[in-house]
Amino acid sequence: MAERIIKLPDVGEGIAEAELVEWHVKIGDIIREDDLLAAVMTDKATVEIPSPVDGEVTWIGAEIGDTVAIGSALVKLKVAGAPSAEEPAAAPEAPKEAPKPAAKPAATTEAPAAKAEASKPAPTVEPPKAMTVPKPTRGVVQAIAQNPASRRAPGEKPLASPAVRLKAREAGIDLRQLSGTGPAGRILHKDLDAYLLRGPDAERAPGLSEKTAVTDIKVVGLRRKIAEKMALSKSRIPHITIVEEVNVTPLEDLRATLNKKPTPERPKLTLLPFLMRAMVKAISEQPNLNALYDDDAGVIHQHAGIHIGIATQTPTGLMVPVVKHAEARDIWGCGIELNRIAERARDGTATRDELTGSTITITSLGALGGIATTPVINYPEVAIVGVNKMMIRPIWDGTTFVPRKMMNLSSSFDHRVIDGWDAAIFVQRLKELLENPATLFIDG
Amino acid sequence: MTEITCKLLVIGAGPGGYVCAIRAGQLGLDTVIVESTKLGGSCLNIGCIPSKAMIHVAEEFEKAAHAAAGKTPFGLTASAPKLDLKQAVAWKDGIVQRLNNGVAALLRKSKVKIVHGRARFRDGKTVIVETETGPRTIKAETIVIATGSAPVELPFLPFGGNVISSTGALALTEVPKRLAVVGGGYIGLELGTAFAKLGAKVTVVEAQASILPLYDAELTAPVAKHLAALGVEVLLGAKARGMTPKGNALLIETAGGEEKRIEADKVLVTVGRAPVTNGLGLEELVLDMDGRFIRIGERCETSMRGIHAIGDVTGEPMLAHRAMAQGEMVAEIAAGLPRAWDKRCIPAVCFTDPEIVSVGLSPEEAGKAGLEIKTGKFPFAANGRAMTRHGEQGFVRIVAQAQTQLVLGIQAVGQGVSELSSTFGLAIEMGATLEDIAGTIHAHPTLGEAAQEAALMALGHAIHI
């Protein structure tokens, strides 16, 4: 048998290290070639590391959340065959034969619980009778005592020492209201003392109980990236947010008309491609909004190309795929690209390139989107446009109230580089364009 | 007629009554206790204490007799013992007298006023006591009925002549050659065993199919075996029918329905005890009854406000220590303390040979209660102390809840196991688990080690077996 060290491969993107976010194996697992070992996260994307060989895991080199340098040892495997080249000719056959009995367990490596279950009936040799007497442990007793389900049956006397019973009676406490933390659910002095401090359960709704458990969840992977990014944005950027309402009734009418006969080239449009077109038009008049602010260097990189990030909720967390060069796409082009990258982000196949490079961002919670929001700027951008929920509201047209499809835009700006005036101009321009959708299609 | 007014009046100075009065006195209550006979009640005067004294005499006599017969395995010999039963009874009476005096002293120390005489209720707050110097009226805020119980008389075997009660048996000045015992409960077997050891030919007539119906067959088996070894004949399923006209034999109907004569110099009738309520004037109060007994609640309150009842007069189990616990509780209630009966167990002890002790639930009782149990049983045959006492018969048995290891009951049968009742009771009252008992160091060599081993046995890892 030989040892094989699996190192963290170069996952591309020109990075030097990656964060370990998931283990698919544990020590003792038998794995086959191409079985997944682990997943690491680079700036944006999660990369899965497969095993290049069959073998048994004997060592793992990092814990979830650790940053692992490219090329450092990730896993050690015990593999069939000898390390030396002077092995008999038959040796190369061995690796193929040896792992076969292990093939079954290997299939369950991704479900340790199932494996444990499956292995239970395995022992066929009955231990001697004397050994089969179940040996109760303190743990068992404790678990029963603390399990609310083990609360006593109606009429059953609470378990407590005479001193505790006397103390309870003197304090006017019915011990049946208490649950004990002692062995077999025995009510201890400290349980009674705690109850006396806490007050009677009777004042609470029946069936409700205090919960004191704390679950520690390590912030790793995408969540950590999001946390870091948001903290950076909010700590560095002084946000100003403008909320403006937009009458999207004509836009919605237009959209309904355009969506009547969708084709592969012209699929159904959501509201976002229209907004993207409006942003392209507004930015052509205010290019300072399409910029990245390198505040360390004191330089604003104002981009000619408009790359619109779309904040997207994925099963693993918030991601921002990017519609590149929105200025070069028509409304359907924007729609098609938006659908494609959003889908890739959701199913976890988006590349790093598809997740980077935005110059301005849209955030939309769709139908959940509230009346107003306070969008956090996608650092180091300087502006973000938030879309709120569209709803029909009564609008005064000068003589009467009429129902109108109204939608609020909540847009935030980096006040270090964007003044309120400019921000307001930008928002008003978006409103004007969206309320007069025909103007979106007028070039120049 | 002098009238006494007090806070608490206790009627009956048995173990329930005098404990109640002493505790009330300790708590500063103005307390009066009324007793028509001797302080200490049945327990002290004609029950527990004198019977244990006579049982001890019998044990000592038997040991000497064994030594005389060369039956001791450790080589002790003696000449044939002689017993002066009169002196033994006098010794017993001396103990009783000392304890009587002790109770009187304790009552005085607690500033309890003792009134000798028979009490009769006039109303719920007033009692008339017929004393030697005439009737006295006692008015009390709270009255405790603690009148106890008396042996049940069979109509066809009235006490008198050769038919005696336990009281009579304890006062015998000669050992009867042939003693018939009607009733195979603990009183009949305790006294029957003692007289058998003193040389009487004892026959026990029991109507039930087993002796000691309070205990299960596993516990009573060593007792039955030893009764046979003592030459005690036990007739189960047999009914006493009466005495022969000459009064020298007991007529019975055997389990097979046959008539049989049992020659007997004395016939001891121990078929149970009945509450003493006659002559108390209870008809003036119309208390709720529970059969023959006074019905009480968890604070020993009767159906009438301000009147409590404790002890045998309130029903089973008719045990002195139950009455004592009730008495103490009622005194505290009378003093305004918040108290109620919340005991987990009342130990029961049978001073046969071997002794039996039972605390909490037996396996059968736990099973009937729907509890999933495990048991551990350790025999005295594997206990060093039992061997050195030449008393290897019997065992300790622990019943525990299977899931939680909570000890539900502990029973034992064996020589001297009555003294283990305290630790058994403490374990259950404290809510001990098997591990608590197993994890307690038990002194070596003692009989108590068998309890620890029984707990270990239930946990699956007894050491000494």
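I began with B:His444, which sits in the loop that separates α12 (434–438) from α13 (449–459) in chain B. Helices (H or I, at least four residues) and strands (E, at least two) are DSSP runs, numbered from the N terminus.

Before going on, I noted that this is a predicted model, in which local features need pLDDT of at least 70, side-chain atom pairs count only at pLDDT 80 or more, and totals for chains, interfaces and linings use all residues. Residues are numbered from 1 along each chain as its sequence is written, chains are lettered from A and ligands numbered from 1 in the order in which they are written, and side-chain values use heavy atoms, with hydrogens and water left out.

I then looked up the annotation of B:His444: an unreviewed UniProt entry covers B:His444 with the label "active site". UniProt positions are given in the numbering used here, feature names are shortened, and annotations may be inferred rather than shown by experiment. Is B:His444 buried or exposed? B:His444 counts as exposed because its relative accessibility is 62%. Buried means under 20% relative accessible area, exposed over 50%, and partly exposed in between (1.4 Å probe, protein chains only).

Next I turned to A:His307, in the chain A loop between β11 (299–302) and β12 (308–314). With a relative accessibility of 10%, A:His307 counts as buried. Leaving aside neighbours within four places in sequence, I listed the contacts of A:His307 (heavy atoms within 4.5 Å); among them are A:Asn290, A:Val322, A:His325, A:Gly357 and A:Ile360. A polar atom of the A:His307 side chain lies 2.9 Å from the backbone nitrogen of A:His325.

I followed that pair to A:His325, which lies in the loop between β14 (322–323) and α11 (331–346) of chain A. A:His325 is partly exposed, at 39% relative accessible area. The phi of A:His325 is positive, near 50°, and the residue is not a glycine.

Where else did I find a positive phi in a residue that is not a glycine? A:Ala184 has one of about 60°. A:Ala184 lies in the loop between α6 (162–170) and α7 (189–198) of chain A, and counts as buried because its relative accessibility is 17%.

Most residues other than glycine have a negative phi, and most peptide bonds are trans. B:Pro317 is in the loop between β19 (307–309) and α8 (320–334) of chain B. The bond from B:Asp353 to B:Pro354 is also cis, with omega near 0°, and B:Pro354 is in the loop between β20 (348–350) and β21 (355–360).

Note on methods:
A polar contact is a pair of N or O atoms within 3.5 Å; within protein, one must be able to donate a hydrogen and the other to accept it, and residues adjacent in sequence count only if both atoms are side-chain atoms.
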